[in-house]
Amino acid sequence: MDKGFPENFLWGGATAANQAEGAYLTDGKGLSTADVMTASVHGIPREITDGVVEGKYYPSHHAVDHYHRFKEDIALFAEMGFKCYRMSIAWSRIFPNGDEEVPNEAGLKHYDDVFDTCHQYGIEPLVTLSHFETPLGLLKYGSWENRKVIDFYLQYCRTVFNRYKGKVKYWLTFNEINVMSTKPWMAGGVQSDDEQTRMTAAYHQFLASAKAVQMAHDIDADNKVGMMYAGHIAYPNSCDPEDMQATNDFMHKMLFYCDVQCRGYYPSYKLKEFEREGIVLPIQDGDLEELKNGKVDFLSYSYYLTHVVGKETNLDFKGLNGVKTGYKNPYLPTSDWGWNIDSIGLRYSLNLLYDRYQIPLMVVENGLGAIDKVERDGSVHDSYRIDYLRDHLKEMKKAIEIDGIPIMGYTMWGPIDIIAASTGEMKKRYGFIYVDVDDNGNGTFKRIRKDSFYWYKKVIESNGEKLE
Ligand code: BG6
């Protein structure tokens with residue numbers, strides 16, 4: 001009997017361009033939706049400004065300067081033994097406004113260098129095509145509300161699929177696509193509370209993704225294209241059947257995104273909901289065929305926490321920030337940011353998703369955002385992070401050994417400290433590598449190995465056998 005993680009398991013880490021690169025206008029890059037988001041201050045949500053406003057602080061503009069330091073950063077990933085680096089291409093580096101006819105060569109060249117550096121160390125890149133940053137120039141079209149944006153996205157996909165053929169074979173079409181229901185600005189430059197608008201934008205992204213999957217396969221038969229789900233998983237607040245029903249409703253609101261992308265069609269419960277709510281999908285001839293033909297090869301997702309849902313829970317997602325939904329779980333501790341810590345929930349979610357879709361899974365985000373302290377001698381003792389990750393890896397191992405789930409790999413979130421997506425803060429750190437920069441962008445940007453760095457190195461060296 002095979003035990004433990006498979007031989008070719010893709011161990012690594014994951015980042016996103018807008019949270020890591022900085023260099024927001026360098027080498028011809030255009031502005032993206034992420035570049036007009038301020039950091040949240042004292043719990044007040046990040047502000048979306050009309051363009052870049054002088055005097056405001058935008059964390060993506062400098063982030064952790066990965067754009068200029070990627071060689072040093074990837075060398076550190078290699079030192080830990082990474083097999084895989086999940087990262088995103090900033091669309092607005094390739095097409096600065098999103099709608100140009102000719103791509104920006106400097107942007108393309110940059111990612112050539114990044115992928116070459118990965119391969120130099122035997123690290124397989126896994127590329128997210130759109131991770132919370134749509135070129136701001138596409139707003140004049142109404143962003144993803146407008147079907148035309150599908151063509152711009154596909155032009156971008158065609159450009160990078162051709163350019164990086166042979167260098168990249170794992171792709172994700174949209175990061176956390178279900179965030180269109182919760183934070184549509186991040187998901188696709190949509191700023192509307194209106195459900196019709198959000199569902200139209202989601203429809204266009206589904207179609208764009210389905211076409212991109214087929215295009216990727218046509219350009220290179222070795223390409224594997226996945227979807228990426230924000231792993232919202234809920235437990236019922238009690239065994240009251242009404243709480244269970246509410247939990248099911250909650251899960252439907254999120255899982256329908258996976259249903260469309262993994263099964264190739266809208267589920268009946270969603271179509272019924274649209275009928276009741278008077279929501280009309282802008283379906284054109286041939287679209288449904290495209291959805292069917294553009295099913296993903298694998299399902300990847302982020303896993304941080306679980307929710308507790310009951311009959312009293314407000315299932316209107318407008319206020320959902322991925323955190324404070326439903327009830328507190330009295331059985332679970334929470335992080336410094338109030339996210340509950342639930343390692344067993346990871347195994348539960350792997351089972352839930354595999355039972356439902358029967359396609360390979362990949363955990364492409366998981367980690368603990370915490371405040372780290374640099375000691376006088378320059379060390380960072382982050383035993384809390386090691387505990388968090390170890391517990392989750394143990395549960396993932398059970399999902400492989402006991403439940404027999406095919407898991408392609410694990411890229412923990414933020415192997416190097418980067419800015420937080422929900423708050424724009426720097427002090428919410430996930431990394432194995434500390435970056436000396438604070439919430440105002442001040443610091444030396446020096447990289448420091450934390451205790452967890454050495455721990456993860458051993459984990460990878462032993463292919464997940466040495467977790468202690
Ligand atoms: C996921 C996103 O939602 O969660 C990442 O894909 C994000 O971009 C991560 O950084 C963790 O959230 P946060 O807000 O702590 O950075």
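Biologist: What share of the 468 residues in the chain do buried residues make up?

Modeller: Buried means under 20% relative accessible area with a 1.4 Å probe, counting protein chains only; here, buried residues make up 62% of the chain. This is a predicted model, in which local features need pLDDT of at least 70 and side-chain atom pairs pLDDT 80 or more, while totals for chains, interfaces and linings use all residues. Residues are numbered from 1 along each chain as its sequence is written, and side-chain values use heavy atoms, without hydrogens and water.

Biologist: How many helices and strands does the chain have?

Modeller: Counted as DSSP runs (helices H or I, at least four residues; strands E, at least two) and numbered from the N terminus, there are 13 helices and 12 strands. The chain is as compact as a globular protein of its length, because its radius of gyration of 21 Å is close to the 23 Å of the globule rule (C-alpha atoms; 2.2 Å times the number of residues to the power 0.38).

Biologist: Which residues have the most contacts inside the largest nonpolar core?

Modeller: In soluble globular proteins, nonpolar side chains tend to be buried together. A nonpolar core joins buried Ala, Val, Leu, Ile, Met, Phe, Trp, Tyr and Cys through side-chain atoms within 4.5 Å. The largest here has 139 residues, and Tyr153, Leu299 and Tyr456 have the most contacts inside it. Helix 7 (residues 195–219) gives the largest share of this core, 13 residues.

Biologist: What is leucine 299 in contact with, beyond four places in sequence?

Modeller: With contact as heavy atoms within 4.5 Å, the partners of leucine 299 include Met227, Cys258, Leu353 and Pro360. A second, separate core of 10 residues includes Leu126 and Phe298.

How values were computed
Buried < 20%, exposed > 50% of the residue type's maximum accessible area, 1.4 Å probe, protein only.
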